[in-house]
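Here's a short walk through a structure, one contact at a time. Keep the 3D view open while you read.

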Amino acid sequence: MSKDVTQKVSNHIGGKDLITVGIYTVIYIVIIGIFGALSFIPIFIPLTAVFCPLIGGIPFMLYVTKAKKFGMTTIMGTLIGILMFVMGMGYWVAITGLVFGLIADLVLKSGKYQSAKRTILACGFFSMWEFGNLMPFFVGREAYLAQLQEGYGAEYVSTVSSYMPMWILPILLIATFIFGLLGGLIGKAICKKHFKRAGIA
Amino acid sequence: MRREFLSSEQQKKGIHFDPRTKLLLILIISVFVLGGAGGNAMYFLRPVLSLVPFAMLISVGRGFHAALYIIAYTVCYVAQLILLPILTGFTNFLVLILAGTFCRFLPGFIIAYFVVTTTTVSEFMAGMERMHMPSKITIPLSVVFRFAPTVLEEAASISDAMKMRGIRFGGKKSSKILEYRLIPMITCSVKIGEELSAAALTRGLGAPLKRTNICEIGFHFPDVIIFILCGVTVAWAIFSAFSI
């Protein structure tokens, strides 16, 4: 596979790129946080797998217009994971953040950071980090529910566990991906409609 | 006063803690109090850990904030202990959400508040460098701390402006919230971010050299106390996990 267009821009991640990563991480987390804050209401816990990828697609699609170097999306995923972990979402999200950030990065790289389809696919994979937030419900479920019960009481836990049965795991995992793709499409449309016009995409 | 997360001026009075100690504290409190790790075994240690933010605030001479915190925490804690067994139904749920959430989030929130208001960006970077964290993580992370207040501020201003136009939850044009609030916020933030990026590059952030730092950080006696406390917490958590 020979590259016709050799990019003269260095592939090394420089200071400017790192700042870009930081800036988009903040935007991403603030936007996710708007919906994430709802998730102490039981019904919104499974729904975060729908809303967060859907909304997160907008900043992500704008972000990939700036992140043209390998590693940037991985760093963003890792950072989101670390910050979510510090905010008390459990350690799983730090792992999923890194893993799905890396997968998204590889997908972007396979499209040479140009392909529109690959970008949307990457958005779908990237959105799966969100699944790490829900992971404690499935891995070590008993301990987590007991711990919730201690903090929020039995009534809350029974409501939550009825919304989050074990069989919902694969559904949520697929949902994050599908809605990530949808979010990517929305993000792409919004990029076209707003951000290009504003001169930032 | 401008809102900022990591302060730009060094703290003048009180006990200085090493930035690494502060990070450890955030980690421990977010894992054991906010994240609720350790389960029932941590039942007695959790209030003790929750006292740490109080002590920290006192140590830098913010008695007023410390008092507010301890009162709020005690009220919630007592409410949980006394009211929950009595109440049922909706009131139970309400108390649960309010008191439970507060008890969980308040210590973490206060310690984070303490850390970000007493640590300078330079101290943070120096601490990170001593821990051999790669700059690929520390630079974006410090940008996050620097930039988050700006984004929140922008979001608040845009929210005000859109309220005036009737674009709010329950308003006439609530369907347009997404487009009319999110998009301007992103646009604004990105533009400010570009300026921030330019400013940082002018100061030589992109230079391919090892950066020096004039901050003198190191572990002293107060740090040791915090380390012992954290060590005991972790040891207790491991011990109880294995003995059950």
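## Where H2(A) meets H5(A)

On the H2(A) side, Pro53(A), Gly56(A), Gly57(A), Phe60(A), Met61(A) and Val64(A) meet Thr119(A), Ala122(A), Cys123(A), Phe126(A) and Ser127(A) of H5(A). Contact here means that C-beta atoms, placed from the backbone, lie within 7 Å. Sort the residues of this contact and you get 7 nonpolar, 4 polar and no charged. In that sorting, Ala, Val, Leu, Ile, Met, Phe, Trp, Tyr, Cys and Pro are nonpolar, Asp, Glu, Lys and Arg are charged, and the others, Gly among them, are polar.

The axes of helix H2 (residues 44-64) and helix H5 (residues 116-127) of chain A come within 10 Å and cross at roughly 130 degrees. Axes are lines fitted to C-alpha atoms, for helices over the stretch in contact, with angles from 0 to 180 degrees between N-to-C directions. H2(A) and H5(A) are therefore oblique to each other; angles under 35 degrees would be roughly parallel, over 145 roughly antiparallel and 65 to 115 roughly perpendicular, with the rest oblique.

A word on the source: this is a predicted model, where local features need pLDDT of at least 70, side-chain atom pairs count only at pLDDT 80 or more, and totals for chains, interfaces and linings use all residues. Residues are numbered from 1 along each chain as its sequence is written, while chains are lettered from A and ligands numbered from 1 in the order in which they are written.

## The nonpolar cores

The largest nonpolar core has 77 residues, and Val26(A), Ile27(A), Ala122(A) and Phe125(A) touch the most other members. Its largest share, 12 residues, comes from helix H1 (residues 15-36) of chain A. A core is a set of buried Ala, Val, Leu, Ile, Met, Phe, Trp, Tyr and Cys residues joined through C-beta atoms within 7 Å; buried means 20 or more other C-beta atoms within 10 Å of a residue's own, exposed 12 or fewer, and partly exposed in between.

Which residues does Val26(A) touch, leaving out those up to four places away in sequence? They are Val144(B), Phe147(B), Ala148(B) and Val151(B).

## Chain B and its side of the interface

Chain B has 8 helices and 0 strands; helices (H or I, at least four residues) and strands (E, at least two) are DSSP runs, numbered from the N terminus. Of its 244 residues, 32% count as buried.

Across the interface, 42 residues of chain B are in contact with 38 residues of chain A. The chain B side divides into 25 nonpolar, 14 polar and 3 charged residues.

Terms used: Two residues are in contact if their C-beta atoms, placed from the backbone, lie within 7 Å.
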